[in-house]
Amino acid sequence: MGETFLFDKKRYGYVFNIQHYSVHDGPGIRTIVFLKGCPLRCQWCSNPESQLQNPELGYNPSKCIGISKCLRCAEACIYGAVKQDLEENDKILIDRQLCKECLLCTEACPSKALEVFGKQTSIDDIIQAVEKDSAFYARSGGGLTFSGGEPLMQADFITEVLKVARRRRINTTIETCGYAEWPKFAKVCQHLNSLIMDIKCMDTEKHKKFTNASNELIIENFKKLCEEFPNLPILVRTPVIPGFNDSEEDIRAIIHFIKGRSNVRYELLPYHRLGQQKYNYLGKHYPLDGMRLNDETFNRLKEIANSLE
Amino acid sequence: MESCCNVLSPHEQRIQEEQLGKKNFEGRERVFQILTSFQDLRPKIDVERAKYFTQSFRETEGQPLVLRWAKALKYTAENITVYIDDHQLLVGRAGYQGRYGILFPELDGDFLDVAIEQLPNRVESPFDVTPEDAQVIINEIAPYWKGKTFHENLAMALPEDTFKLTYDPENPLNSRFLVNETATFRSSIQWVHDYEKVLKRGFKGIKEEAQQKLEALDPMSPVDNMEKKPFLEAVIITCDAIVLWAKRHAKLAAELANKESDAQRKQELQDIAERCAWVPENPARDFREAVQSQWFTQMFSRIEQKTGTIISNGRMDQYFYPYYKKDLEEGRINEDQATELLECMWVAMAQFIDLYLSPTGGAFNEGYAHWEAVTVGGQTPDGLDATNDLTYIFLKSKQEFPLNYPDLAARIHSRAPERYLYEVAETIKEGTGFPKLINDEEVVSLLLSKGACFEEAYDYAVSGCAECRMPNRDTYTSGNPYVNFAAAVELTLYNGKMLKFGDEVVGLQTGDPTNFKTWDEFWNAYVAQQTNFLKHAFIQQHIIINMRPKHFATPLGSLMHDLCMETCKDLHTPAIEGGIDLGYFELMGYGTVVDSLAVIKKLVFEDKKLTMAELVAAMKSNFEGYEAIREMLLNAPKYGNNDSYSDVIAKDVDREALKFTKKYSKELGVHLDLRLVPFTSHVPFGKVVSATPNGRKAWAPLSDGSSASHGADVNGPTAVLMSNFNSKNYNFRNRAARLLNIKLSPTCVAGEEGSAKLVSFIRTWCDLKLWHLQFNIVNKETLLAAKKDPSKYRGLIVRVAGYSAYFVELSSDLQDDIIARTEHSAI
């Protein structure tokens with residue numbers, strides 16, 4: 001399973017979470033399907049488990065009941081990758097050099113301290129999960145939101161899901177960073193009711209430094225999006241990250257770029273560190289440790305952003 | 001602690017009172033003055049009601065009970081101290097100024113003397129009693145009632161095998177919390193009067209009706225002489241009693257007015273005197289009279305008998321509206337004045353504490369619980385939307401003056417106006433849990449299926465916690481059985497025994513489960529245990545229904561009831577012609593049971609990850625040394641997540657119970673419907689159940705109502721609603737209320753968009769035909785508690801920006817971050 005499994009990319013995708021009762025990402029009460037894999041490496045990324053496309057092993061020590069009470073993971077591991085944590089004696093440590101991500105330990109773990117992030121999921125699985133809340137969509141105008149990761153990394157797959165969703169009258173939207181080949185992007189847009197797209201920074205160098213990718217493709221895509229889909233409601237979002245884009249110039253530059261289109265709305269999201277813990281689960285390092293967003297700064301920027309309306 | 005409806009712990013109550021203290025007093029000086037006069041005082045016991053009832057009962061031995069009750073009421077009305085509180089616009093209280101409780105020795109007189117000595121020191125809901133009053137109780141009141149109370153007689157009447165499931169064999173005062181009766185700590189279950197009748201006709205009108213009927217009786221008929229005559233005489237005496245009580249207030253108010261130097265207060269006292277001289281004897285002529293008349297009626301009803309838990313207020317926005325509208329049009333009142341008068345009633349309500357002396361009654365009603373439900377909204381008898389200007393005044397009052405009184409219930413139907421739902425949503429967002437919502441789309445059709453006409457069903461009023469009454473059609477007042485279904489699981493695992501009770505065979509011997517080969521075998525054994533409990537619950541209820549009329553009468557409640565007046569029968573009579581008897585039995589520990597069965601089905605029989613012997617061993621040791629197994633149990637499928645695996649089991653458990661009552665309710669002549677509304681009793685019921693297969697530790701609370709086990713619902717509120725929907729058997733009419741609490745973080749409902757989404761959530765709940773819904777918009781305190789005790793808050797979702805997360809999964813400093821932000825967002 002650790003190796004890339006060759007499967008029909010139109011019928012299966014890699015999903016790491018399906019979250020019901022989402023009330024902040026698109027109209028109404030929605031279900032978010034989080035897809036795995038992302039072309040960017042944003043330093044503030046709150047979903048580090050979404051970055052790679054393949055399933056990954058995560059370890060949450062606070063759920064682990066301790067090796068004095070349970071050794072099932074160590075017994076299950078055939079590579080000797082489960083070791084005692086020398087700092088916290090009763091907990092384990094995954095030796096990521098030895099671990100082959102066979103994930104046998106996750107099946108053995110009774111407390112779900114060891115868990116797989118990511119699962120091959122079929123179109124039917126998604127539609128079924130999403131339709132569980134259809135009674136709520138009917139009243140609220142909600143539906144399905146694809147998020148990630150970057151959903152356009154699995155454009156073929158989501159296109160197929162979106163087709164089914166449309167036939168079943170499920171309202172759809174995606175949250176995208178906009179970094180994708182335009183034909184794929186365009187194909188997905190044909191089946192959407194609305195779209196949420198990040199524009200993080202207009203300065204190409206800064207963008208590269210903080211996300212590991214240039215913004216040129218994103219900017220090009222946004223222009224094409226507006227030309228080819230003038231009636232698609234678009235919400236542009238900017239996560240405000242201290243030290244990256246929390247200046248008035250940054251925000252004004254984005255507003256200047258997106259303004260003048262009746263189908264485009266704009267929203268700022270304050271930086272948060274909700275994903276920090278998950279870096280530890282994955283044995284990764286959180287790049288922005290210790291950063292805080294100043295409330296005053298954010299409120300001032302929000303006023304500027306509101307001026308677009 | 002999780003709780004049903006609006007039971008505030010003293011701690012929560014303090015928080016709320018602090019919040020009240022910070023609110024703006026402007027325009028509310030009067031009600032805040034009244035509120036501050038009592039809110040810090042510990043409740044006191046007032047003995048007058050018990051004393052005068054007992055004195056009267058000594059004099060009336062041998063007479064028909066309904067007549068004795070009426071005479072006791074009259075004697076009490078003549079002698080009880082009357083009060084007029086400073087600043088108050090309403091008068092009529094049943095005891096000491098400040099917070100107080102009164103005694104009902106007809107329920108607990110035989111052990112009153114012992115209980116009263118313990119009362120000031122009890123941990124839950126303590127009360128003070130003066131030494132003089134204690135002497136009256138011990139020397140005058142208690143001795144009369146020994147050997148006469150209902151609970152003594154019931155204990156003697158129960159068959160042996162029913163008795164041992166009901167009471168502690170050593171001491172019948174203590175419940176066993178297996179098949180629990182609730183008829184001995186109250187004379188009536190929740191009830192709601194047809195107050196409109198009093199407002200329109202006055203007690204004079206009702207008295208005249210009784211007099212005419214009395215004159216028309218057949219003087220030769222033994223039934224007319226021995227049943228109808230005493231009933232009608234009791235009605236007349238009771239009408240006289242309440243009028244006399246009101247007029248004593250009129251006299252006192254006039255005296256005080258003469259002495260009063262402040263001109264404004266003098267005028268107020270003169271107005272009070274005039275009103276009390278007119279109502280409730282005569283029909284109310286304006287809004288102020290209507291409110292005073294209703295208040296006298298409900299207070300006199302509180303004196304008459306112990307209605308558990310407190311007499312409800314009915315559809316206040318409906319029966320007060322004509323008076324309000326007329327006064328408004330004719331310039332006699334404005335919105336602020338009407339609000340002030342209603343809030344005078346709320347602070348008056350807050351002073352009467354429902355006192356329970358029996359250990360069982362106390363356990364059911366922790367924290368001075370009260371459900372004097374005021375119903376707003378809904379539909380008119382002809383099926384139109386019923387909201388009016390008063391509806392909005394009630395909601396606004398709750399937003400601006402968030403007192404824990406009254407218990408506010410909002411009826412919702414499929415065509416409820418958008419403005420109404422938004423006002424309801426805005427009130428919910430205040431975070432005090434009000435109003436609770438009751439669904440017309442479920443309740444009306446069920447009432448119809450049980451024999452009501454449309455106009456009665458559309459006109460139902462919320463009564464008590466989640467029940468619904470048709471005040472002139474319902475005729476069932478017996479306290480109902482609470483059945484510990486989680487104990488049935490334990491009995492199945494230990495072949496009829498429970499760890500709490502050692503070697504005693506408590507249930508059926510359904511076999512050693514380690515010998516069971518299939519899930520079906522286990523399931524059948526469980527159903528046998530569950531059904532055996534129900535058998536004894538119904539036997540118990542049969543005795544209760546027939547024995548209560550020998551102990552309790554309610555002439556006041558009866559004279560407001562069309563059918564009682566028509567048949568000349570007291571409302572506590574077992575069968576009243578034309579009545580619909582809506583009772584229930586309570587399924588305790590639904591989530592605990594379903595999750596336990598799901599574990600056994602999946603882990604033991606299907607996946608074979610665990611043997612029955614291992615499971616039993618783990619439970620016997622309360623999971624000590626079996627921590628890994630407990631984790632497996634905790635991570636098995638759980639009810640409340642819209643997961644069909646457990647929801648199917650939930651529906652099966654529900655159906656088996658429904659099948660029993662469908663078959664046997666008929667012979668009892670009543671509807672004993674399946675209900676899931678535990679008050680606070682899931683705590684004491686949990687105290688007799690050892691560790692359960694869902695990973696719950698021994699003696700911990702059971703799941704409450706139809707909610708998921710604590711922290712087991714991790715898929716958000718839509719999943720909770722869907723699990724409820726999926727587990728209901730809509731083809732059975734034998735179902736009653738299901739209580740459902742939902743926790744939301746304030747950020748989920750923030751702003752205009754949050755209100756819109758809350759409204760659509762409520763509309764979907766209405767579409768799903770779920771009975772009840774109440775929201776906890778969790779605040780900082782809850783987040784702090786969640787941080788301290790994460791296992792109880794696993795399902796709490798928090799939202800900061802562009803991302804939602806389970807609060808307890810966040811790191812400590814992030815939690816602090818969010819706690820700080822929540823405080824910020826609350827401004």
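Author: Happy to. In helix 2 of chain B, the residues R30(B), V31(B), I34(B) and L35(B) meet E340(B), E343(B), C344(B) and V347(B) of helix 16 of chain B. Contact here means that the C-beta atoms of two residues, placed from the backbone, lie within 7 Å. Sorted by class, this contact of helix 2 with helix 16 of chain B has five nonpolar, no polar and three charged residues. The classes count Ala, Val, Leu, Ile, Met, Phe, Trp, Tyr, Cys and Pro as nonpolar, Asp, Glu, Lys and Arg as charged, and the others, Gly among them, as polar.

A word on the model and its labels. This is a predicted model, in which local features need pLDDT of at least 70 and side-chain atom pairs count only at pLDDT 80 or more, while totals for chains, interfaces and linings use all residues. Residues are numbered from 1 along each chain as its sequence is written, and chains are lettered from A and ligands numbered from 1 in the order in which they are written.

Now the geometry. Helix 2 (residues 29-38) and helix 16 (residues 335-349) of chain B pack at an angle of about 5°, and their axes are 9 Å apart. The axes are lines fitted to C-alpha atoms, for helices over the stretch in contact, with angles from 0 to 180 degrees between N-to-C directions.

Stepping back, chain B comes to 34 helices and 20 strands. These are DSSP runs numbered from the N terminus: H or I of at least four residues for helices, E of at least two for strands. The C-alpha trace of chain B spans about 80 × 65 × 55 Å along its principal axes. A compact globule of 827 residues would have a radius of gyration near 28 Å, and the 27 Å of chain B agrees with that; the radius is taken over C-alpha atoms, and the globule rule is 2.2 Å times the number of residues to the power 0.38.

Among contacts in chain B with a separation of 6 or more, 78% join residues 24 or more positions apart.
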